[in-house]
Amino acid sequence: MEGVKAVEELIIDGFLSEDKELLMDEIMNQYGQEILQLTYSYVNNKAIAEDLTQDIFVKCYKSLHTYSGKSKLRTWLWRIAINHCKDFHRSWYNKNVIIAGEEMPSNGSKKELVEQTVIQKEEDDELISAIMTLSIKYREVIYLFYYEEMSLKEIAVVTETGINTVKTRLRRAKELLKERLEE
């Protein structure tokens, strides 16, 4: 949490000094990996996720003057990222360009790993694969709730939906995952 406060303080200092490059370096260092993971959860392709993440930070740089401080910087950045991912899904490129298949990133396994670790990895991969088969509206709430550990209220703000919609999507996503994992 200290890093988040430091970035928030840098925002204020960045606006006062108008050093946008320093500010963006801090924002990318603080949130880069999280944004990459978020975009990957939408597109299921590492190369596209990296491109989208770069685009998101360019958008953020160009839009810094619009950040009012009414919401947390993280919420503002997530809103940009989610909207950009949704725009990508609606884009001509996504609908008409076929990307060569890509394997899910894995941590790999070493020969020394015990059997339980191997079994856990297989179960994790199966869960990730099942999550990636969900439609975006379900995948995003699963990702934000379990992987980003956002509250239902935060998810409602970030996804621009009502809290009851978030609850319904989360419940339905769990049901779908249960069905797919039992198959």
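Helices (H or I, at least four residues) and strands (E, at least two) are taken here as DSSP runs, numbered from the N terminus. The structure is a predicted model, in which local features need pLDDT of at least 70 and side-chain atom pairs count only at pLDDT 80 or more, while totals for chains, interfaces and linings use all residues. Residues are numbered from 1 along each chain as its sequence is written, and side-chain values use heavy atoms, with hydrogens and water left out.

The chain contains nine helices and zero strands. Of its 183 residues, 34% are buried (under 20% relative accessible area, 1.4 Å probe, protein chains only). The accessible surface, from the Shrake-Rupley method with a 1.4 Å probe, comes to about 11700 Å², and carbon and sulfur atoms hold 52% of that surface.

Helix 2 (residues 20-43) packs with helix 4 (residues 73-90) at an angle of about 35°, their axes lying 10 Å apart; axes are lines fitted to C-alpha atoms over the stretch in contact, and angles run from 0 to 180 degrees between N-to-C directions. Contact means heavy atoms within 4.5 Å. Among the residues that meet are Ile 27, Tyr 31 and Leu 38 in helix 2, and Leu 77, Trp 78 and Phe 88 in helix 4. The residues of this contact comprise 13 nonpolar, two polar and three charged (nonpolar: Ala, Val, Leu, Ile, Met, Phe, Trp, Tyr, Cys and Pro; charged: Asp, Glu, Lys and Arg; polar: the others, Gly among them).

As for confidence, pLDDT is the predictor's confidence in each residue, from 0 to 100. The chain has a mean pLDDT of 76, with 71% of its residues at 70 or more.

How values were computed
Buried means under 20% relative accessible area, exposed over 50%, partly exposed in between (1.4 Å probe, protein chains only).
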